[in-house]
Amino acid sequence: TDTIKSYLGRSLGTQPPHVFAIADKAFRDMKVLKQSQSIIVSGESGAGKTESTKYILKYLCDNYGQSTKSAGSLEQKILQANPILESFGNAKTTRNNNSSRFGKFIEIHFDGKCSVVGG
């Protein structure tokens, strides 16, 4: 989309704050520094951690997937694992009907050409 494209390759602070800016910065640092990068998504119950994670995955897969078709498929596979992980330890709270009781770790794999190849 246009929003995703507006953050591609841009320095932090040149666009309004957005998770796409963080995802792009992490990707560019991984590529330039040749080091693994981490993005920690935190917040209170109902703050949008799961949605932010989905946006980060979409950004990385859409821009750096091997092809549009495989990127969408790969993104879907990674995102489809999320409900399975969340089925362990979730509970209803006053703020959220499906509040997680644990952190999640999602790993994205890139090949030597810096294309998303797995997760």
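This is a predicted model: local features need pLDDT of at least 70, side-chain atom pairs count only at pLDDT 80 or more; totals for chains, interfaces and linings use all residues.
Biologist: Where does K34 lie?
Modeller: K34 lies in the loop between α2 and α3. Residues are numbered from 1 along each chain as its sequence is written, and side-chain values use heavy atoms, leaving out hydrogens and water.

Biologist: What is the phi of K34, and is K34 buried or exposed?
Modeller: The general idea first: most residues other than glycine have a negative phi. K34 has a positive phi, near 55°, and is not a glycine. K34 counts as exposed because its relative accessible area is 72%. The cut-offs are under 20% for buried, over 50% for exposed, and partly exposed in between, using a 1.4 Å probe and protein chains only.

Biologist: Which phi does C114 have, and where is C114 placed?
Modeller: C114 is not a glycine either, and its phi is positive, about 65°. C114 sits in the loop between β1 and β2 (116-118). With a relative accessible area of 16%, C114 is buried.

Biologist: Which residues of α2 are buried, and what do they pack against?
Modeller: The buried ones are F20, A21, A23, D24, A26, F27, D29 and M30. They pack against α1 (2-7), α3 (49-64) and β1 (109-110).

Biologist: What does D24 touch?
Modeller: Contact means heavy atoms within 4.5 Å. Leaving out residues up to four places away in sequence, D24 touches Y7, L8, G9, R10, Y59 and Y64. D24 is buried, at 0% relative accessible area.

Biologist: How many salt bridges are there in the whole structure?
Modeller: A salt bridge needs a side-chain nitrogen of Lys or Arg within 4 Å of a carboxyl oxygen of Asp or Glu. The search finds four. Among them is R28 with D24, at 2.6 Å from N to O. R28 is partly exposed, at 25%.

Biologist: Why does the spacing in a helix matter for reading such pairs?
Modeller: An α-helix has 3.6 residues a turn, so residues three or four places apart point the same way. R28 and D24 are four residues apart in α2, about one turn. K25 and D29 also form a bridge, with closest N and O atoms 3.1 Å apart, and they too are four residues apart in α2. In α3, D62 and K58 are four residues apart, with their closest N and O atoms at 2.8 Å in a salt bridge.

Biologist: Which residues touch the most other members of the largest nonpolar core?
Modeller: Nonpolar side chains tend to be buried together in soluble globular proteins. A core is a set of buried Ala, Val, Leu, Ile, Met, Phe, Trp, Tyr and Cys residues joined through side-chain atoms within 4.5 Å. Of the 19 residues here, F27, Y59, L60, Y64 and V116 touch the most other members. The largest share, six residues, comes from α3. Leaving aside neighbours within four places in sequence, F27 is in contact with L60, Y64, F110 and C114.

Notes:
Helices (H or I, at least four residues) and strands (E, at least two) are DSSP runs, numbered from the N terminus.
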